[in-house]
Amino acid sequence: MEKQYFLGFDSSTQGLKCTIIDAQLEIVYERALNFDRDLPQFGTKGGAHVGPDGLTVTSPAPMWVAALDMLFEQMQTDGAPLASVVAISGSGQQHGSVWLKEGAEACLANLDAQQPLALQLTDIFTTQDSPIWMDSSTTPQCKAREAALGGAQATADLTGSRAYERFTGNQIAKMYEQQPEVYTATERICLVSSFMATLLKGAYAPIDASDGSGMNLMDIRTQTWSPDALACTAPGLEQKLGEVVASHSDIGVIHPYFASRYGFSPRTRLIAWSGDNPNSLAGLRLQEPGDIAISMGTSYTVFGFLREAQPSASEGHIFVNPVDPDAFMAMVCYKNGALVRDRIRDAVAEGSWDTFSALVADAPVGNDGQIGFYLYDPEITPPIHQTGIRRFDAHDHPVSAFAPAAECRAAVEGQSLSMRLHGENIGFAPKRILATGGASVDQEMLRVLSNVFGVPVYVAEKSDSASLGAAYRALHGWRCWQEDRFVSFGDALGGEPPLTCAMEPDAEAHACYSELITRYANLEQKLIAEGE
Ligand code: XUL
């Protein structure tokens, strides 16, 4: 039988990446380009432009078109097996929007295979400056949304999250208020994900329910636009957004342009693109309720598979699940992630990870009741704007310093307790944890995590990758399309992911943390109240 390949993209803030897998899920090809380095004509820093107010952050939409040209050319030069690709999907940075003018779709339909996309699609945008997730300029629009929808909790119950500055609905409301002529001239507002799918389809591609959950516009239970959420954004919006589809949906075939120019089969199916975080969940193959991933990079992200949604006004986001339309995913982000451990390593562990780990191991489980909060940056979860280090003894009295071992353990235990506390608040009931990112190599970190949550901790063979997740979703959507029914993600991918169990919990230690967490929560409440 002829080989069948699945292609996943990741259009992230900094660059565009692709991954091709075979039907056995082996990666056969990968390639990435970086916007700043490879497309310097757009003058971006980290793929973005920051406005004079410091709050407005955009990316040039034509850069994403040029990137697709460049990556396809590279793939062709490399001899990537494009003719045998049977399905394509992708990831986009979440929340970003692309504004297309009337007539854009006709332009997309009539592409000339002799020319790159970028030359032919210069005039399809009503604004070239696409607002992206790093923008934090829409506080007034967020306040107005929450007031119109009955408060922060009501907004979260309806749309999965309270109003967040970066969420697309608030960006759209700002555009309507500040540049009404752009809004009016726009025929279609895409997410970055659905825009990239639109290029491949040569026609407007729908927004998928999972990435659509990051807009403050969609009812996460019906997976359709909420009339109330649309009404408090801008008039006539529903038409400009198009429909929402389930994430595993087949959305048509690739445009003949790509068949002629790059040798794809004209029958190559397109599966709806989604957000990068949803696709990271797919990439780690979280496929059962209770599967939780903790990504410990610069910032820490906890995300996982939930059957029931429990949106919270104070923390995290609920998205429709990208691999199961009857389930949800939740995501909690921390600003103070790896940096906390780095700083403490440098301050009390001679800059050595081995020393840091040995110090953590030296202090007892529960740290004799000592608790620390290390807020080098303003924190998102929970929202604490006041930075600084706060240490408390076993009687909740503030102290100015801990012994080195207690300092290291307090940081690791505090981060783990916070992830359990805020994860539970948004409905996580972990059965197992998959740890990824830099800090996941630290055995003591894994031990504390396992004991705090009371579940085994696994480490992923591959780190979380949105483009790999997109390739998996291409395979999943293709199987569903072929069989004309919903096939579970696990079945489509051939069962359980290969995981290595790195740490089993200790019952006594877990009981100790279950007691400590109440004090941790109370102290945290005090810090939040002080900052208000
Ligand atoms: C998620 C978010 C970021 C972007 C990054 O809510 O804003 O993680 O998706 O690409």
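Colleague: Hello! Where does Gly-150 lie?

Modeller: Welcome; please keep in mind that this is a predicted model, where local features need pLDDT of at least 70 and side-chain atom pairs count only at pLDDT 80 or more, while totals for chains, interfaces and linings use all residues. Residues are numbered from 1 along each chain as its sequence is written, and side-chain values use heavy atoms, with hydrogens and water left out. Helices (H or I, at least four residues) and strands (E, at least two) are DSSP runs, numbered from the N terminus. In these terms, Gly-150 lies in the loop between α5 (139-149) and α6 (152-159).

Colleague: Is Gly-150 buried or exposed?

Modeller: Buried means under 20% relative accessible area, exposed means over 50%, and partly exposed is in between, using a 1.4 Å probe and protein chains only. Gly-150 has a relative accessible area of 58%, so this residue is exposed.

Colleague: Which residue is the bridge partner of Leu-100 in β10?

Modeller: Strand β7 (residues 97-101) pairs with β10 in the antiparallel sense, over five bridges. In β10, the partner of Leu-100 is Arg-188.

Colleague: How far is an oxygen atom of the ligand from an N or O atom in the side chain of His-95?

Modeller: The residues around the ligand (each with a heavy atom within 4 Å of it) are Thr-13, Gln-93, Gln-94, His-95, Trp-133, Arg-166, Asp-276, Asn-277 and Met-331. A polar contact is a pair of N or O atoms within 3.5 Å; within protein, one must be able to donate a hydrogen and the other to accept it, and residues adjacent in sequence count only if both atoms are side-chain atoms. A backbone N or O atom of Gln-94 lies 3.1 Å from a ligand oxygen, and a side-chain N or O atom of Arg-166 is 2.8 Å from a ligand oxygen. For the side chain of His-95, the distance is 2.6 Å.

Colleague: How much of the ligand's accessible area does the protein cover?

Modeller: Accessible areas come from the Shrake-Rupley method with a 1.4 Å probe; for residues, only the protein chains shown count as cover. On its own the ligand has 290 Å² of accessible area, and the share that the protein covers is 87%.

Colleague: In β5, which residue is the bridge partner of His-49?

Modeller: Strand β4 (residues 49-50) and β5 pair in the antiparallel sense over two bridges. They form a hairpin with six residues between them, and Gly-54 in the turn has a positive phi of about 75°. Val-57 and Ser-59 point one way from β5 (residues 57-60), Thr-58 and Pro-60 point the other way, and all are buried. The partner of His-49 is Thr-58.

Colleague: How many of the 11 residues of helix α18 are buried?

Modeller: The buried residues include Leu-446, Leu-449 and Phe-453. Helix α18 (residues 443-453) is largely enclosed by the rest of the structure, because its buried residues number nine.

Colleague: What is the phi of Asn-367, a residue other than glycine?

Modeller: Most residues other than glycine have a negative phi, and most peptide bonds are trans. Asn-367 sits in the loop between α16 and β22, and is buried, with a relative accessible area of 1%. Its phi is positive, near 55°.

Colleague: What is omega for the cis peptide bond that joins Thr-381 and Pro-382?

Modeller: Pro-382 is found in the loop between β22 (371-375) and β23 (388-392). The bond from Thr-381 to Pro-382 is cis, with an omega of about -10°.

Conventions:
Two strands pair if DSSP finds at least two bridges between them.
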